[in-house]
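Subject: Structure handover

Dear colleague,

Here is the structure I said I would pass on. My notes on it follow below.

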Amino acid sequence: MAEAEKNILEIIEVSKTFPGVKALDKISFSLKKGEIRSLSGENGAGKSTLIKILTGVYKSDGGRILFDGKEAVFAGTRESASAGIRAVFQELNLIPYLTVAENLVLEDYPVKRGAIDWKRAEEEATYIFKELGVDIDIHAELSELGAAAWQMVSIAIALRKDCRLMILDEPTSSLDKREVEILFSVIEKLKARGVSFLFITHRLEEVFQICDSITILKDGACIGTFPVEEMDQNRLVSLMVGRTVNHQERIAKERTYDEKEVPIVELRQVKSFPRVTNINLKVYPGEILGIAGLLGSGRSETAQIIAGCRKIDGGSFFLNGKQFSMTSPITAKKQKIVYCTENRRVDGIIPNMSVRNNMILSSAGQVGRYGVIEGRKCKALVKSYIDQFRIKTPSEDQKIKFLSGGNQQKVLLARGLSTNPKLVILDEPTRGIDVGAKQEILDLICEISDEGIGVIFISSDLPELVKICHRVIVFREGTTIGCLSGEEITQEKIMETIAEGDRKEGSNG
């Protein structure tokens with residue numbers, strides 16, 4: 001058998017049970033050397049449990065794992081790493097205020113005469129990044145570099161020791177299109193060197209861009225393994241969620257706008273240095289206004305301006321047709337503007353608080369009197385949103401950190417809507433969420449719009465923008481460069497507008 005045809009990994013009827021939950025039920029599949037395999041499935045399908053077994057965090061209850069032809073029983077993460085299995089997770093364990101080289105050798109410093117050999121550390125860093133074909137300043141503090149650099153450093157750490165199987169968990173969730181292309185070129189180089197990959201992503205188009213094959217998990221069982229050329233997005237989604245889903249169908253209703261209609265919010269030539277230099281946009285009641293652009297284009301900063309989290313250095317802010325000074329988040333809340341941040345784990349949820357308390361944080365005045373929460377009102381409000389949004393939780397007392405990303409996002413949406421807003425700003429609301437939960441959230445956004453609430457929807461996922469937005473404003477380098485509506489809203493047109501944006505600078509939204 002040729003070297004490339006040998007299996008690096010064989011998983012044979014592996015099972016894992018937690019109290020009350022069968023996380024894995026006799027999972028079986030194999031992976032060849034130099035193969036890039038997508039591990040696909042909804043949240044709760046068993047992907048994370050399987051990864052933790054492969055990396056030595058958990059022990060399986062049954063079945064066998066063969067790694068490079070040998071029985072693999074890992075007593076811990078060090079044993080798994082020593083065997084050549086390395087994982088790069090979505091939440092990167094790097095230290096921002098150390099340099100690239102310092103982060104690279106953090107697990108295992110080179111030592112000379114009882115002291116850290118910094119010269120050798122820098123030589124190792126230079127060599128590894130040269131091998132990867134990545135141009136990066138090894139003396140720069142990580143905090144000064146972008147998300148793509150963080151991913152490259154994490155991959156370099158994995159490669160510093162002998163890595164034969166690399167597990168990438170949502171590696172592109174914080175990357176823009178150009179950075180994804182850089183990452184994929186590195187993956188292809190490593191594949192050519194014989195490194196195998198298990199690749200986990202909720203961006204389905206990436207599965208077809210980089211992977212050779214797909215293994216689908218559902219409810220702890222293996223649905224099957226398929227060559228990527230035998231699959232399309234609709235079939236993949238249908239197998240993952242267990243029902244027929246048209247993943248790419250546009251569901252936004254056509255809207256017309258007349259000059260007499262008053263926008264909820266309007267920005268005219270707004271500046272907020274250094275990221276926002278000339279932003280123009282309008283959002284109307286009942287409209288889903290998409291904001292597209294590469295990372296660093298000023299999307300989140302513009303959302304923060306409208307939400308009162310960021311001051312304006314120039315231009316005009318209009319609220320309901322009248323010039324207005326948005327001075328703070330409290331002012332925004334009083335004006336019925338709700339903001340859901342892009343980083344729900346850091347700036348959104350309070351992880352050790354219950355689902356109930358997370359949900360009522362912004363609406364305590366509605367469920368209480370004289371500063372005291374009324375249990376009956378609170379319970380009724382929380383139950384209504386759990387039922388309406390189909391939030392999967394054992395009870396309202398469950399700590400929110402134990403919910404899936406999709407259910408956490410639904411709680412944040414419920415928190416915002418419980419204040420009876422006129423405008424909801426959603427910054428990357430589906431990031432890191434599986435395809436089934438993603439569709440539910442998109443449906444909820446459409447329901448919000450149908451109730452007459454304006455929505456600003458920021459997303460790096462172009463198919464989402466195409467699917468639900470009435471209009472799409474395109475940003476580039478802190479400037480509004482285009483406004484698309486109706487049949488103009490396509491992935492191709494959005495990318496074309498971004499690419500040609502310098503010709504349309506300052507276009508009015």
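Leaving aside neighbours within four places in sequence, which residues is Ser-449 in contact with? They are Gly-286, Glu-287, Ile-288 and His-470. Please keep in mind throughout that this is a predicted model. Ser-449 itself belongs to helix α15, which covers residues 435-450. The cut-off for a buried residue is under 20% relative accessible area; Ser-449 has 6%, so it counts as buried.

The sheet with β1

An open sheet is built from four strands, in the order β2-β1-β4-β5, with antiparallel pairing. Its edges are β2 (21-32) and β5 (70-71); each has a single partner strand, so one side of each has no neighbour in the sheet. Helix α1, made up of residues 47-54, packs on this sheet and touches β1 (7-18), β2 and β4. The direction of α1 makes an angle of about 115° with that of β1.

Nonpolar cores

The largest nonpolar core has 51 residues. The members that touch the most others are Phe-129, Leu-132, Met-166, Ile-187 and Leu-190. Helix α5 (residues 147-160) gives the largest share of this core, with ten residues. As for Leu-132, its contacts beyond four places in sequence are Ala-156, Leu-159, Val-186, Lys-189 and Leu-190. There is also a second, separate core, of 48 residues; among them are Val-355, Ile-360, Tyr-385 and Leu-403.

Cavities

How many cavities of 30 Å³ or more does the count give? It comes to three.

Backbone points to check

Phe-273 and Pro-274 are joined by a cis peptide bond, with omega about 5°. Pro-274 sits in the loop that runs between β13 (265-272) and β14.

Two residues other than glycine have positive phi. For Glu-13 the value is near 50°, and for Glu-477 it is about 50°.

- Glu-13 is part of strand β1, and its relative accessibility of 46% makes it partly exposed.
- Glu-477 is in the loop between β23 (471-476) and β24 (479-485). The cut-off for an exposed residue is over 50%; Glu-477 has a relative accessible area of 60%, so it is exposed.

Lys-282

Lys-282 is in strand β14, which spans residues 276-283. Is this residue buried, exposed or partly exposed? With a relative accessible area of 22%, Lys-282 is partly exposed. From Val-207, Lys-282 is 75 residues away in sequence and 35 Å away in space, taken C-alpha to C-alpha.

Regards

How values were computed
Residues numbered from 1 in each chain as written. Predicted model: local features only at pLDDT ≥ 70, side-chain atom pairs only at ≥ 80, totals over all residues. Heavy atoms only, no water. Pairing = 2+ DSSP bridges. Contact = heavy atoms within 4.5 Å. Axes fitted to C-alpha atoms, helices over the stretch in contact; angles between N-to-C directions. Core = buried A, V, L, I, M, F, W, Y, C linked by side-chain atoms within 4.5 Å. Buried < 20%, exposed > 50% of the residue type's maximum accessible area, 1.4 Å probe, protein only. 1 Å grid on protein atoms, 1.4 Å probe; cavity = no way out; pocket = protein on both sides within 12 Å on 5 of 7 lines; lining within 4 Å. Points joined across faces, edges and corners; volume = space filled by probe spheres on them.
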